Amino acid sequence: MQYFPAPAKLNLFLHVLGRRADGYHELQTVFRFIDRADRIGVALRSDGQIRRLNDVAGVPAETDLVVRAARALQVRTGTTLGADLQVEKHLPMGGGLGGGSSDAATTLMALNHLWNTGLSRVELQTLGLALGADVPAFVFGRNAFAGGVGERLEAVTLPAAWYAVVVPPVAVSTASVFAHPDLTRCAAPITIADFSTGWGRNRRVESRAPTLVNDLAAVVCRLHPQVAQALEWLARFGDARMTG
């Protein structure tokens, strides 16, 4: 069995611009990858079966994004090969680090290579979008400024940095936060230049652009006081932000 890393991401900011006609939200964010990661083990099968070999707490195999990703790639390419999959979870579920999406992207990338199915990275990003809005960013594989639902990606260069990542003992449902009536959905769009200026100052962009914050944080903190407590504690030492 070969093992492949599925890295975590941070959202350096996340603005919600509005709700789209299809029910999804128009966003802007910057994805930054960090070296904390899950690991996905892959062993090829010749009989076409896709099997997850280990249990993942709270995630049935049939609904696991790694299994769904493998099957989506099978259908898209018509390959007769299959795979045994092992999921080593190190990233928290519902913690805003993108673990499930990263696992799916790594599965797509690894099997595209091992099955020799030959899809381009852009084709894999399109396939991944049907699995989850963050999957294309992980297939893209570079720090990126993102728009749309997170699928419109442009690489950005970020300075080297250390991050202290605190994981409160809660799992936050993304869907419930986006559906919450108190969520602000009217952020003004910004440009990459706005982001670069604002991030360099570490607080605020020029007055024409909004603060680089996570628009989901107010609702999450209201629903989950543990997140508010973690942010308050982190703010004693520097700039504290919520990811996801």
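I took a disulfide to be a pair of cysteine sulfur atoms within 2.5 Å, and I applied this to what is a predicted model.

**Cysteines.** My search of the whole structure returned zero disulfides. I then looked up the sulfur of C186 and found that the closest cysteine sulfur, in C221, is 18 Å away, which is too far for a bond. C186 is exposed, with a relative accessible area of 61%, whereas C221 is listed among the members of a core of 17 residues.

**Cores.** I turned next to the largest nonpolar core, which has 30 residues, and noted that V42, L73 and L108 touch the most other members. At least two residues of this core come from each of β2 (25–45), α1 (65–77), β4 (82–88), α2 (99–114), α3 (121–129) and α4 (135–140). The core of 17 residues lies apart from it and includes L27, V177 and L216 as well as C221. For L108 I listed the contacts beyond four places in sequence, and these are A69, L73, L124, L127, G128, L131 and V135.

**Helix α1.** I checked the length of α1 and found its end C-alpha atoms 18 Å apart, which agrees with the 18 Å that its 13 residues should span at 1.5 Å a residue. Its buried residues are L65, V66, V67, A69, A70, L73 and Q74, and I found β2, β3 (50–52), β4, α2 and α3 among the elements that cover them. At the N-terminal end, D64 caps the helix, with a side-chain oxygen 3.1 Å from the backbone nitrogen of V66. After α1 comes G78, for which I noted a positive phi, near 75°.

Terms used. Residues numbered from 1 in each chain as written. Predicted model: local features only at pLDDT ≥ 70, side-chain atom pairs only at ≥ 80, totals over all residues. Heavy atoms only, no water. Core = buried A, V, L, I, M, F, W, Y, C linked by side-chain atoms within 4.5 Å. Buried < 20%, exposed > 50% of the residue type's maximum accessible area, 1.4 Å probe, protein only. Helix = DSSP H or I, 4+ residues; strand = E, 2+ residues; numbered from the N terminus. Contact = heavy atoms within 4.5 Å. Expected span 1.5 Å × (residues − 1). Polar contact = N/O pair within 3.5 Å; in protein donor to acceptor, adjacent residues only side chain to side chain.
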